[in-house]
Amino acid sequence: MRKITVLLGFAALAFAQEAQQKQEPPAGGTPKPFNVPATQATTLGNGLRVTLAPYGNMPMATVNAVIRAGNLNEAAKQVNLADVLGDLLKEGAAGRNAEALAQEAARMGGQLSVNVGPDQTQVSIDVLSEFAPDAVRLIADVLQRPDLPESELPRLKKNLLRTIAVARSEAQALADEAFRKALYGDHPYGRTFATEEMVGAWTIDDVRAFYKANFGAARTHVYVSGKFDPAVLKAVTEAFAKWERGPDPLINVPKPEPKPTVVLIDRPDAPQSTLRIGLPTLDPKNPDYIPMVVTNALLGGSFASRITQNIREQKGYTYSPFSQLSVRYRDGYWAENADVTTAVTGPAIQEILGEIKRLRQEAPPAPELKGIQNYLAGTFVLQNSSPRGIIGQLAFVNLHDLGSEYLKTYVQRVHGVTGAEVQRVTEKYLDPDKMTLVVVGDKAKIADQVAQFDKKK
């Protein structure tokens, strides 16, 4: 019996040693730079820019037209009008109705997509390589000769109001709306949802006027990436050369000031509180942007981040917290997002602020920082492993005027960030005493918990 016990003891020890070895993966190799595809760029006489980026061997190509017009261009009574225009663009062009446009896209192996954002509207399609010139012509028709049919406007307005109603029934959307309003006020970045009265007053003339005032060659950049014949440039030139230049991009940069603000939105009987904690920081043009990217990932922007490990893994206050650097043209903010159990609303906020304060006081240890840098470098390469990913990065660089070296040196610069830099940018940009705090939850149960963070009291 004793012999068996000893043998089992040795086996257990061997198993433990093997398990420990498995938990210690080998050190990563030297980080490799991201190889940006060789691009061909040109500008047409009307100001429209073109970038061709051959990538990969799969016989597919992506055509994406990026227009410098979006929600930024909406007036106070036009909130979400850019989104309605985006929907109408797919309802007909050059005499073809919505069904004909969809069938033509399907014939090429793709689906026409229109996405509206704060600064840009994107019209794109993925097609089989041989149809890249046809895809260019299709997008040219959608942008230059949209039908904008009046008959479809009532339906699209109803769809918008339904979408808004659903969004405003969710705590996360209410928190986002209040947070951006607190930061940006009446600037377009601070307006999230249109009112029913506003939408009801829109006519097709309003939509068409918005299109005419904001779309044109000078605001447009056409990207083609994937596997395609370089002669596609001829198709772009022929399809877009006669488009009117139109206006230059609108420059309307907000000037939000970090200030301590607490917004409490009552949601009776809510089992959890939705948090937004943050403040205006910096945009990608700022030299501190890459160090801030690393700082965000270490603090709350990755699963291994400090805030996530604290309030999710260690204390179980929440399931999926995350922080983000949200950027627009010459603007950006940092925010921590979390849905926490109602009873621990105050403690969760305290822990989040505590992690920020700790990073302001102490540089992170080298092994922790290295893990975050490896994560960022790896995800960056993965994000750029498709034609759409390549176009997304090129469009990001062009919007923020970052220059051709940004993508080439991104990985090296991420790995070059030091612990001292992380501490410095945290101290410079993330002041807990100047943060906006939005809480959506059961006011009767959380008001006292939140009150301690209101600097005005």
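These legends describe close-up views of charged side chains in a predicted model. Residues are numbered from 1 along each chain as its sequence is written, and side-chain values use heavy atoms, with hydrogens and water left out. Because the model is predicted, local features need pLDDT of at least 70 and side-chain atom pairs count only at pLDDT 80 or more, while totals for chains, interfaces and linings use all residues.

**View 1. Asp-141 and Arg-96 form a salt bridge.** A salt bridge is a side-chain nitrogen of Lys or Arg within 4 Å of a carboxyl oxygen of Asp or Glu. The whole structure holds 21 of them. In this pair, the closest N and O atoms are 2.3 Å apart. Asp-141 belongs to helix 4 (residues 132–144) and Arg-96 to strand 5 (residues 96–97), so the bridge ties together parts that are 45 residues apart in sequence. Helices (H or I, at least four residues) and strands (E, at least two) are DSSP runs, numbered from the N terminus. Both Asp-141 and Arg-96 are buried. Buried means under 20% relative accessible area, exposed over 50%, and partly exposed in between (1.4 Å probe, protein chains only).

**View 2. Asp-134 and Arg-107 form a salt bridge.** Their closest N and O atoms are 3.9 Å apart. Asp-134 is in helix 4 and Arg-107 in helix 3 (residues 98–107), so the pair links parts that are 27 residues apart in sequence. Asp-134 is partly exposed, at a relative accessible area of 22%. Arg-107 is also partly exposed, at 45%.

**View 3. Glu-351 and Lys-315 meet in a salt bridge.** The N to O distance is 3.7 Å. Glu-351 lies in helix 12 (residues 345–361), and Lys-315 in the loop between helix 11 (306–314) and strand 11 (322–328), so the pair ties together parts that are 36 residues apart in sequence. Glu-351 is partly exposed, with a relative accessible area of 24%. For Lys-315, likewise partly exposed, the value is 35%.

**View 4. Arg-96, Glu-104, Asp-141 and Arg-145 make up one network.** They are joined by salt bridges that share partners.

**View 5. Glu-336 is buried yet has no salt bridge.** Glu-336 is part of strand 12 (residues 331–341). The nearest side chain of opposite charge, Arg-276, is 8.5 Å away. Lys and Arg count as positive and Asp and Glu as negative; His and the chain ends are not counted. Leaving aside neighbours within four places in sequence, the residues in contact with Glu-336 include Leu-275, Arg-276, Ile-277, Phe-322 and Ile-352. Contact means heavy atoms within 4.5 Å.
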